[in-house]
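Got the sequence and the 3D view open? Let's walk through it with some questions and answers.

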Amino acid sequence: MAEINNWDWDTKEKYIADINEWKKKFKAVREISISDDGERIAAVVENNDGRFTICNNGGVWEETFERLWKLKFNNENQLYSLAYRDYEWGVGIDNGMWEEKFDSIWNLTLTPDGKGAVANCKKDGTYGVVLNGNVWENRFADARNLAISPDGTKTASNVQTKSIKVADIFAFAEGIYSIAIDGNPWDRNFMSIWSFTFSSDSTKVAAEVMLDVGAFTIAVDGKPWDQVFGCVWEPIFKPGTHDVVAPVKRGATWTLAMNGKPIWGEFFQIWGQKYSPDGQKLAATVATEFTKWTIAVESNAWSRTWNETVLAPHFSPDSRRVAAIVKEDNRWTIAVDGIPWIETFDMIWDPVFSPNGDKVIAKAEKNKKYYIVVDGKIGKNGYDALWDPVFGPDGKKVLIKCIENGKYYRRIVPVNEI
Amino acid sequence: MLKYERKEIADLGIDESVKRLTPEKITKTINNVLKGTGARLKAYLDTCIHCGLCAEACHYYLSHGKNPTYSPVAKVKLTLWEMVKNKGNVSPDFIAQCSRIAYTECNRCRRCSLYCPYGIDIWYLIALVRRICLLLKVVPQYEMDTNYSHAATLNMMWLKQDDWIDTVQWQEEEVRMEYKTARIPFDKEGAEVMYTPIAPEPKFKPQLLAATAKIMHAAGVDWTMPSFDGWDNSDISMHVADFETMSRVERKHFEAAFKLKVKRIVMCE
């Protein structure tokens, strides 16, 4: 919130850049990226010689590359990118580069403080993680995905600790995957590992693991739960504790388990569980029956269900309310506390609560134009491009980052004027 | 009396795996699977009158000189009926036979169900045999290896995450030699279409990705592909009856589309 407080919430409109001009100036304009505060817009641009560079608020980086992608502003409005030149990958930050070079680098992610960056990398033929330019010393036959601790000091990845021959199904079944933290793998391997996450105090890591064909559980710091399940999905830590909650399948139904023991009723499906900001309530996407999707809060499902999709729940900052994206009969909208907006859309983005939780806004698409929707009411203006709206600290103003007629604007609009 | 006779074909996934089985494990696994079948299995088993009309539907039967042991009803009789009749007490060699029949002598076309006067879903019965063989890990080696690839990487060809990205970026460079403004746009949020190949494309025939890019370019389609897991639309786990891995792969595929905010998924094949 401190950062948002520092943003300009007074200037009604800033014209930042003419993207149509960029399109005239360069052979191609790709991957437009906007800073969180809306003050900067950047894109990968192609020069006439076929090489790529970055145009950032109109300024052009002098360096050029054969490949360039994954533009990402940090919260100090420095621009990260992944850049490839002369058979080496590097990480660009504004008009400079990390010293380290890589065989490959991907999954570029900002650190929790919003300033630094972390990514998976391959260097000298081995795989690991690089945090702010520092590569793991221990590297592996493979590394898939990453997690960073909330304090920003530790990184984890799903690593392949043993190389095996092609189609060696017996060696695979003995387990060749582990979680490595800062390059140090757990004491034991598993047949497979999927999502993994740090505890809020950054000391523990939980992961969904495969023990055998048809046998799954959650492992915390390499130690599996005593209970084995027919299937599990992604674990989360209860904030401020070392308790781990994950969806688990027992027989034909799913429940949420904490540290291996069921804490919810049974559902046809459960995933996307999330704790409220105060850590007291748990909500998840559930199916009460086949094709009947909804949200359950503290195991109580909303009475309304949707026949195609309900995405993961979003709590209001005060933990009082829950909203989610829902889809029925190929139309998208938002449901808040079980009640869907009447208006439906071709596509809709994540719901955003006002600081006091009273209002919900979202970006939505209708007939090839993008709108801000406020509590289900579609905004007056349709835009050619639009980024997720942001509530001001007092909840009365909204930051709108939009492109109209090829021009990018940063606008501050009172909620009741949208 | 049906006699199952076949030319011997070595397969590590079957021959070696059965050596690791114990009678207890076989019985427990079979009975656990059968316990979860409910009325459907019972109805099918009690309804079948062994008329053999399903035989003429089966291309394995027809292409093996109408050898009766290739008829669908025989395949069930040589596998599942024996398991049920013996309450799961069958030998490792019998499991090897079941694996061979279920995985290599039925390709789940379901034509036999259309010939059955009662509409019995014979594929469902064969799938139960596959499920039992899977849980006993008695599966032809390369099918199991592909299934394991899905389990470990969520694609069927063991592609590492950076292999996938590099291959697509390379193919974009290839297609742009011919069509200067063509693209293979990774992770374009809000695109109309998410296109997903099967993993053999980037692994063995990457030029197919360039061919797709040419089609998309010529057709003016607003499209994207995920740079992250979920890009492979294949699901061999479904074929081997690894339903847990199957659902994980499918979930990831759909979640890629949700993440990219596309309106449609377009798949190769």
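Q: In what order do the 4 strands of the open sheet in chain A come?
A: This is a predicted model, where local features need pLDDT of at least 70, side-chain atom pairs count only at pLDDT 80 or more, and totals for chains, interfaces and linings use all residues. Residues are numbered from 1 along each chain as written, chains are lettered from A and ligands numbered from 1 in the order written, and side-chain values use heavy atoms, without hydrogens and water. Strands here are DSSP runs of E with at least two residues, and helices are runs of H or I with at least four, both numbered from the N terminus. Pairing is antiparallel in this sheet of chain A, and the order is β18-β19-β20-β21.

Q: Which strands of chain A are the edge strands of that sheet?
A: Two strands pair if DSSP finds at least two bridges between them. An edge strand pairs on one side only, and that picks out β18 (192-198) and β21 of chain A.

Q: Which residue in the hairpin of β20(A) and β21(A) takes a positive phi?
A: These strands run antiparallel, joined by 2 bridges, with β21 covering residues 223-224 of chain A. Ala219(A) has Pro224(A) as its bridge partner. There are 2 residues between the strands, and the one with a positive phi near 50° is Asp221(A).

Q: How many of the 6 residues of β20(A) are buried?
A: In a regular strand, side chains alternate between the two faces of the sheet. In β20(A), Ala215(A), Thr217(A) and Ala219(A) are buried on one side, and Phe216(A), Ile218(A) and Val220(A) on the other. Buried means under 20% relative accessible area, exposed means over 50%, and partly exposed is in between (1.4 Å probe, protein chains only). For this strand, residues 215-220, the buried count is 6.

Q: Is Ile165(B) buried or exposed?
A: You'll find Ile165(B) in helix α10 of chain B. Skipping neighbours within four places in sequence, Ile165(B) is in contact (heavy atoms within 4.5 Å) with Trp69(A), Trp106(A), Phe186(B) and Ser227(B). Its relative accessibility is 6%, so Ile165(B) counts as buried.

Q: What area do chain B and chain A bury between them?
A: Look at who touches whom: 47 residues of chain B are in contact with 54 residues of chain A. Arg248(B), Arg251(B) and Lys261(B) supply 17% of the area chain B buries there, more than any other three residues. Buried area is the accessible area (1.4 Å probe) that two parts lose on being put together, summed over both. Of the total, 53% is on carbon and sulfur atoms, and the area is about 4,300 Å².
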